[in-house]
Amino acid sequence: MKVRKPCRYGAVPGTPLWGYDYGDYPIHSFKHNTHPNAYIPLTVSAGGDDKWHRNCVRHRHCSRIFAIEYVVDGVFIFTHNKVSYRCEKGDIFLVHLEADCSMCCETVFASKKMICLDGPILKTLISSIGLENVTVIRGGDRTEIDRCFDEILALCGTETPGMHHQLSLLTYNLLIELAKQVECADLPPPLLRGIDFIRSHIRSELFLDDLVAYSGVSKATLHRIFVKYLKTSPMNYYLELKMNEAKSMLLSNQRVKEVARRLNFSSAAYFSAEFKKRYGISPRSYCLKDDLH
């Protein structure tokens with residue numbers, strides 16, 4: 001007969017990970033990746049399928065991982081910092097670093113896919129694309145998300161040549177797609193068009209008149225809705241995304257001149273000056289500082 005028992009980590013509240021199993025459940029079909037070289041800015045440490053029974057439960061205290069949990073079947077109850085969410089098929093919930101969270105399922109059986117992320121730019125990227133305070137993502141077109149998940153899980157644990165580079169790119173695309181779906185749920189269409197136009201011009205020159213024309217509203221209206229919803233102007237938002245892209249490129253060991261050229265700055269000196277004005281440190285020192293850690 002199946003019985004409920006403490007999981008192998010134990011059942012002591014307040015410890016980093018504890019909970020209960022039920023028979024063979026939860027069934028974790030996870031593949032783990034070896035730690036990549038330090039120059040890989042973003043990657044997947046583990047991923048796979050996860051099958052649960054209603055009598056299973058897991059609690060994390062001050063989570064040491066960031067995970068994307070994608071419900072495939074059934075209903076999960078996910079609690080994040082004492083707030084509970086009911087997540088059905090197609091819903092995605094995020095396990096954030098340093099959060100207190102727990103998980104169980106409402107239905108007799110439930111299943112999900114999980115990807116656990118790692119890398120030196122992870123925390124900065126999560127914050128810069130607006131996922132820092134997002135817990136559950138509901139609805140939306142899952143086509144691109146499904147593609148990223150499938151390709152990431154197919155690569156996990158393979159150790160094929162270039163695997164970590166591929167995972168880094170796929171993971172970045174997945175996070176951007178998740179951020180887009182969060183924005184689409186709450187933001188007005190002219191602002192969404194403006195954001196889309198800006199993102200498509202991160203590596204090129206952007207002219208405000210072109211942005212205004214693409215958004216379909218006046219310059220004053222576009223500025224007003226950017227400030228209202230994003231707390232910044234359109235051009236500052238553009239520069240912020242451009243600099244975040246620059247930081248990712250610098251952490252992947254690209255030279256300052258190459259980053260400036262690829263991001264279409266007029267010169268490496270101008271790029272360095274703008275970078276230091278924004279972050280209080282030169283691009284070259286930013287790379288060296290990361291190496292020290």
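Visitor: What should I know about the model before asking about its parts?
Guide: This is a predicted model, in which local features need pLDDT of at least 70 and side-chain atom pairs count only at pLDDT 80 or more, while totals for chains, interfaces and linings use all residues. Residues are numbered from 1 along each chain as its sequence is written, and side-chain values use heavy atoms, with hydrogens and water left out.

Visitor: How many helices and strands are there in the protein chain, and why is the chain called as compact as a globular protein of its length?
Guide: The protein chain has ten helices and twelve strands, where helices (H or I, at least four residues) and strands (E, at least two) are DSSP runs numbered from the N terminus. Its radius of gyration is 21 Å, close to the 19 Å that the globule rule gives for 293 residues, so the chain is as compact as a globular protein of that length; the radius is taken over C-alpha atoms, and the rule is 2.2 Å times the number of residues to the power 0.38.

Visitor: What makes a residue of this chain buried, and how many of the 293 residues are?
Guide: Buried means under 20% relative accessible area, exposed means over 50%, and partly exposed lies in between, with a 1.4 Å probe and protein chains only. Buried residues make up 46% of the 293 in the protein chain.

Visitor: How do you know on which side of helix α4 the buried residues lie?
Guide: In α4, which spans residues 189–199, the buried residues are Pro-190, Leu-191, Gly-194, Ile-195, Phe-197 and Ile-198. They cover an arc of only 160° around the axis, which puts them on the same side of α4, the arc being that of the directions from the helix axis to the C-beta atoms.

Visitor: What makes the buried residues of α5 line one face of the helix?
Guide: Helix α5, residues 208–215, has Leu-211, Val-212 and Ser-215 buried. Seen down the axis of α5, these buried residues fall within an arc of 100°, so they line one face. An α-helix has 3.6 residues a turn, so residues three or four places apart point the same way. The face of α5 turned away from the buried side carries the exposed residues Asp-209 and Ala-213.

Visitor: Which helices do the buried residues of α5 pack against?
Guide: They pack against α4, α6 (219–230) and α7 (234–251), where contact means heavy atoms within 4.5 Å.

Visitor: Why does Met-235 count as partly exposed?
Guide: Met-235, which lies in helix α7, has 28% relative accessibility, so Met-235 counts as partly exposed. Not counting residues up to four places away in sequence, Met-235 touches Leu-206 and Leu-208.

Visitor: Why is Glu-98 called exposed, and why is Glu-159 called partly exposed?
Guide: At 55% relative accessibility, Glu-98 counts as exposed, whereas Glu-159, at 43%, counts as partly exposed. Glu-98 is found in the loop between β9 (92–95) and β10 (101–105), and Glu-159 in the loop between α2 (143–155) and α3 (163–186). Although Glu-98 is not a glycine, its phi is positive, about 70°; Glu-159, not a glycine either, has a positive phi of about 55°.

Visitor: What is the omega of the cis peptide bond from Tyr-25 to Pro-26?
Guide: That bond has omega near -5°, and Pro-26 is found in the loop between β2 (17–22) and β3 (27–32).
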